[in-house]
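Biologist: I would like to learn how to read salt bridges in a model. Could you walk me through them?

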Amino acid sequence: MRSVRHEGSGYRAFPEIPARDSLQVAIEVPMLVHLLRLPTGGRILEVGCGSGAALAELNRRLQPAAIMGADIDLPLLREADARLVSSGVHADLLHADVHALPLPAQSVDLVIDFGTCYHIPDAEGAIREIARVLRPGGLFVHETPVSQHLAHPFRSFGRTLPWKRITSLYLFRTALLWSARARVAAFRTGSP
Ligand SMILES: C[S@@+](CC[C@H](N)C(=O)[O-])C[C@H]1O[C@@H](n2cnc3c(N)ncnc32)[C@H](O)[C@@H]1O
């Protein structure tokens with residue numbers, strides 16, 4: 001991932017790690033899909049999709065009806081667009097903040113996050129927005145603290161996600177490095 005500054009967002013980009021994309025495609029996405037037994041089909045959104053390495057592989061393995069990626073970094077989204085076009089994958093790329101996704105409520109079946117929520121100032125607001133766009137029973141897949149601490153031991157030290165304050169998602173399945181949380185059947189917008 002290239003390092004790009006995001007003025008005002010409070011997010012500090014990670015330095016580029018050349019092997020990251022290949023590892024994500026060859027190991028991370030296949031393991032994640034297999035261990036969490038993710039459903040095929042449906043509408044998928046990756047928040048913080050960066051340059052889109054995971055999107056093409058998620059598309060290949062899960063055969064979604066639609067696949068979307070959202071990121072605040074426009075240059076990275078341009079890279080994602082080029083990558084996906086050259087792979088023949090049709091994805092909708094959204095230049096958007098995860099706290100304000102330009103998607104209707106309950107319009108997505110599966111949201112995937114490779115660590116973004118751990119590294120933004122308002123993780124709670126972001127997860128509430130993710131819950132808003134998920135349909136009831138839809139899944140939010142995110143990295144566990146173990147995964148974050150293995151990947152970024154110093155930067156992630158002490159970081160967790162505020163699950164106790166978010167009752168609209170419940171733990172559905174976990175597999176060491178990743179967890180899937182399901183969206184409850186009904187909750188009022190603005191409530192936990
Ligand atoms: C940890 S990187 C993950 C990138 C890629 N998905 C991967 O797995 O290599 C986090 C990504 O989230 C994006 N990001 C940071 N803050 C964001 C926000 N508030 N809304 C949307 N995307 C954000 C960054 O630009 C970056 O691409």
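Biologist: Let me start with R20: is R20 buried, exposed or partly exposed?

Modeller: R20 is partly exposed, at a relative accessible area of 25%. Buried means under 20% relative accessible area, exposed over 50%, and partly exposed in between (1.4 Å probe, protein chains only). This is a predicted model, where local features need pLDDT of at least 70, side-chain atom pairs count only at pLDDT 80 or more, and totals for chains, interfaces and linings use all residues. Residues are numbered from 1 along each chain as its sequence is written, and side-chain values use heavy atoms, with hydrogens and water left out.

Biologist: Which residue forms a salt bridge with R20?

Modeller: A salt bridge is a side-chain nitrogen of Lys or Arg within 4 Å of a carboxyl oxygen of Asp or Glu. For R20 the partner is E28, with the closest N and O atoms 2.8 Å apart. E28 is buried, at 11% relative accessible area.

Biologist: How many salt bridges does this rule give?

Modeller: The count is eight. Among them, E57 pairs with R60 at 3.1 Å between the closest N and O atoms. Helices are DSSP runs (H or I, at least four residues) and strands are too (E, at least two), numbered from the N terminus.

Biologist: Where do E57 and R60 sit in helix α2?

Modeller: They are three residues apart in α2 (residues 53-62), so about one helical turn separates them. E57 is buried at 7%, whereas R60 is exposed at 52%. E57, R60 and R61 are linked in a network of salt bridges.
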